[in-house]
Amino acid sequence: GYPSGLAGDAIPLAVRVVTVCDVYDALTSDRSYAPAVTPFEALSIMRDQMADHFDMEIYRRLVLVLSGAKLI
């Protein structure tokens, strides 16, 4: 929602999806300031420490995609 101050469903769906994917990618990739964590650790961090920062329904769907679940 930054810089427009948007929150929740006011944030376009595509932006909410990219945000969750970007956090997952950042956690599972080596960075100059932090080593990569495992996919399981990344999902745990996102669920336990970052749940207030993005759409948890999108997070849930990411978990399903990563687990190989058929969504359609």
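This is a predicted model: local features need pLDDT of at least 70, side-chain atom pairs count only at pLDDT 80 or more; totals for chains, interfaces and linings use all residues.
Residues are numbered from 1 along each chain as its sequence is written, and side-chain values use heavy atoms, with hydrogens and water left out.

Next, select residues 39–49, helix H2, together with residues 56–67, helix H3: the two pack at an angle of about 165°, with their axes 11 Å apart (axes are lines fitted to C-alpha atoms, for helices over the stretch in contact, and angles run from 0 to 180 degrees between N-to-C directions). H2 and H3 are therefore roughly antiparallel to each other, a term used for angles over 145 degrees. Show side chains for Leu43, Met46 and Arg47 of H2 and for Met56, Tyr59, Leu62, Val63 and Leu66 of H3, which make the contact (heavy atoms within 4.5 Å). These residues divide into 7 nonpolar, no polar and 1 charged, where Ala, Val, Leu, Ile, Met, Phe, Trp, Tyr, Cys and Pro count as nonpolar, Asp, Glu, Lys and Arg as charged, and the others, Gly among them, as polar.

Finally, select Ile11, Arg16, His53, Phe54 and Asp55, the closest to the centre of the largest pocket among the 10 residues that line that pocket. By class, its lining has 3 nonpolar, 4 polar and 3 charged residues. A pocket here, on a 1 Å grid over the protein atoms alone, is an open set of points where a 1.4 Å probe fits, with protein on both sides within 12 Å along at least five of seven lines, and lining residues have an atom within 4 Å of a point.

Definitions and conventions. Helices (H or I, at least four residues) and strands (E, at least two) are DSSP runs, numbered from the N terminus. Angles under 35 degrees count as roughly parallel, over 145 as roughly antiparallel, 65 to 115 as roughly perpendicular and the rest as oblique.
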